[in-house]
Amino acid sequence: MASFVGVQFTFCFRIIVILFFLHFYRTSLSAHEIETQASHFFRSGHTNNWAVLVCTSRFWFNYRHVANTLSVYRSVKRLGIPDSHIVLMLADDMACNHRNPKPATVFSHKNMELNVYGDDVEVDYRGYEVTVENFLRVLTGRLPASTPRSKRLLSDDRSNILIYMTGHGGNGFLKFQDSEEITNVELADAFEQMWQKRRYNELLFIIDTCQGASMYERFYSPNIMALASSQVGEDSLSHQPDLAIGVHLMDRYTFYLLEFLEDIHPASQSNMNDLFKVCPKSQCVSTPGHRTDLFQRNPNSVLITDFFGSVRKVEITMSTMKLNPNNTERTEIDVNEEMVTTLQHYVDQLPVAEIIHQKPKQKDWHPPDGFILGLWTLIILIFFQTYGIKHLKHVF
Amino acid sequence: MGLLSDPNRRRALTNLVTRLNTPLCVMCYIVGITWFLGLAFEPFTLRTYMSENAMGSTMVEEKFVYGDRALSYSREFSGHRKKVGGLPVDWLGKTMKSRGLEVYKQTFSRTLPFPDESKERYMVKGTNVYGILRAPRAPRTESILLSATCSEGSNNNQAVGLLLALASYFRGQIYWAKDIIFLVNEHDLIGMEAWLEAYHDVNMTGIQSSPMQGRAGAIQAAVSLELSSDVITSFDVVVEGLNGQLPNLDLVNLFYAFCQKIGMLCTIQGKLQRNDWDTLPGYSHSLNTMLLMVLKQSSGRPQGDHGLFLRYHVEAVTLRGINSFRQYKFDMSTVGKLIEGMFRKLNNLLERFHQSYFFYLLPSLTRFVSIGYYMPAFSFLILILMLRALDLWVQLSNTPRVQDDEEQDPGPSMLSLATPIFICHLTGLALYFLPILSQDMATQHFPVSETEAVVFTAIAIYVAGLALPHNTHRALSGNGTECGWKFETLISSVPCCAPWLYSAD
């Protein structure tokens, strides 16, 4: 009997040991899974998302630009970026325009299928406040102290920013409000200011205008990815008119972008390569372009939701794990080593004392006064002495 | 040295001008005429296009279906009109008010210079009735106008009916950004001028009118309707206005664009468009159309009620429905759709019409000739005058040297030269003022009517003018006459060229 019990005991003991090893193996496996999942947290390196959406044209016949911007706003809000992190600039009010047969609506699809104006649109810069100066101030953060928070881009060095611009443009410029324009050089410099002040981690720039690719040609700051709806020399075309409203409702590129984004949900894993394929030439008539050379990560590892959504990954676990903060997929490119190693600090505001006692700096050397006059008098005297006084009357 | 300061070159040039003067003049004349006639040839013209971006293309949805309502309104209007014997002011005011418009009336009166032919009276009295449809959400700063005139007899009833039906339909829409004025004016041009003068608060023609009570802001565009039949076969657009002024070409283009969209037959000068521009009949058809337009412009008479708007910088056209013996007829609903489409597009305007041409000729509705293309033809004709003047100048500067050995008459004195010119100007002034001044007197003492008196006075002045050459020949004498006449011709031809030179730039 004791031997039987002993045999059973050893049998049970073996089963228990096997079960124990299996369990241990499984937990260690799941811990490893969780670790790999947790390492995904640090893939992109950003912790918050911002969006700056700009529509630069006014007047009723530019209805489609407002509809463009509002459709991107809608997608961005749906994917999780809150209004406090969106700066929406609309140069004209189409919803309440006198000519709108359906007041308080802005439609993006004909037959009034989709009202992108919705019930909770928060426009931060409206009407004549949309100017080049205000746009650049928003980007660089140089706003007067009285500016409310909703009008500020309060991003930090861990923010991914989406910048979407639409309107009328040309080779190297974008027209604001029929009276001014922003050039690609200005925009590139504004982005460099943002980089210097560490106002973004990564930036996605989308532009839907005629010859839009010219606007991203001059970028030189790191971590910028840019998309445009048409190349230099091409026009971006509008999509479809609605006969009841009497205007074109959307531009082609943004229309297909909206259709693409409607399929994206907060957990979607689509990456930037899918975004580059939006609106090929057969649908858009113009050739969309993109630029990724300044971006450090590989586009196919960049999720759409990295820029369009504000995703918080939450996984509940009871196990402990080791997190290695250097476990990123960044490819190190030698951009500018100074920027990484030197200690960054904000430029001092000019102290009052220096304003009062400041001397004008003389950069160029000019000869003392009267020197030129004396030189010319000497030359003329010698001339007349050599050639005679009779030439004097020809001078005067 | 310069071309003209070098004596050798100068002599060569002047010889050229004098020797080849006649051939050059003839050539200029032929070139000018050929150029003008060639303008009607289709490859030399440009296709019309919409210049105003705000108006966009014809992408609207027209929903007007109340053609039968328009016809019933027109029957009521004609009935009331017969009863009252003029414009049925009260009925019209009541109907417009019931449709939701703000109704205002304006009475006017004018003493005519010549009595009315049919009624032999001087005083014309009338009333204009207009209703303003206020834009539901817009400020009252701009407006567009639709008018139909209540002319003599029983014309134009359907236009008034359609106007009322459109007014009731437009009242139900919320997309109007401008006020719409619906005007029914009496006595055609006189009533329209009275309304315009009172609206813009000027007094140019001496019409007395009651003060204007209701205004709707600056008028951006106006359309005048003339429809005298229940169904029409084609729609004619009339552009020539007062003193030959034309509306902006964009308004005509808008009309044609909607004609094409709806599929209505549209004409200009009453002529249909032809496709065979390379055949002689096709070319002569467009030449005919263009020359008719030139003729109507030159008459200075506004061909429709719209012609009076142009002076106030309001672009306007008249749309005339024509009922001929064609088979396919268009009913009032189609006409209403066209006007609705035009008004919806005019609603989208942000500024007055200014993008397209103001001076043009239309050989057909799809082709136009702008002033830059037809003005060179006229400048060639003026070049002849300049060449003649040059020729005379050269001759005058040459003759004293040639006739050195003969007895030198003193050159024509300034007084003797000035006398014929002075007499000519006096004649002109007499022709301008005397007929009107003598009109009254003549009818009192002579058994003639006023119009005949004017004509007789003019004839009398012409007959007196026949004696002019004889008198001036007696005033001037001697060899200086030859020089003098040349000088005269020179002086009189140069002022003729000068205005053309200024207008050419």
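Q: Which residues form a nonpolar patch on the surface?
A: Patches take residues with over 30% relative accessible area and no salt bridge; nonpolar side chains (Val, Leu, Ile, Met, Phe, Trp, Tyr) are joined within 5 Å, like charges within 9 Å. A salt bridge is a Lys or Arg side-chain nitrogen within 4 Å of an Asp or Glu carboxyl oxygen. Here the patch consists of B:Phe422, B:Leu426, B:Leu429, B:Tyr432, B:Phe433, B:Leu434 and B:Leu437. Together they have about 780 Å² of accessible area. Areas are Shrake-Rupley values with a 1.4 Å probe, and for residues only the protein chains shown count as cover.

Q: What should I know about the model and its numbering?
A: The model is predicted: local features need pLDDT of at least 70, side-chain atom pairs count only at pLDDT 80 or more, and totals for chains, interfaces and linings use all residues. Residues are numbered from 1 along each chain as its sequence is written, chains are lettered from A and ligands numbered from 1 in the order in which they are written, and side-chain values use heavy atoms, without hydrogens and water.

Q: Is B:Leu437 buried or exposed?
A: Buried means under 20% relative accessible area, exposed over 50%, partly exposed in between (1.4 Å probe, protein chains only). B:Leu437 counts as exposed because its relative accessibility is 62%. It lies in helix α11 (residues 414-445) of chain B. Helices (H or I, at least four residues) and strands (E, at least two) are DSSP runs, numbered from the N terminus.

Q: And what does B:Thr48 touch?
A: Contact means heavy atoms within 4.5 Å. Leaving out residues up to four places away in sequence, B:Thr48 touches B:Asn253, B:Leu365, B:Thr366, B:Arg367 and B:Phe368. B:Thr48 is buried, because its relative accessible area is 17%.

Q: What is the strand order of the open sheet in chain A?
A: Two strands pair if DSSP finds at least two bridges between them. The seven strands run β3-β2-β1-β4-β8-β9-β12, with mixed pairing. The edge strands, β3 (125-126) and β12 (289-291) of chain A, each pair on one side only.

Q: How many residues of β2(A) are buried?
A: Five of its five. A:Ile86, A:Leu88 and A:Leu90 point one way, A:Val87 and A:Met89 the other. Strand β1 (residues 48-55) of chain A pairs with β2(A) in the parallel sense over five bridges. A:Ala51 has A:Ile86 as its bridge partner there.
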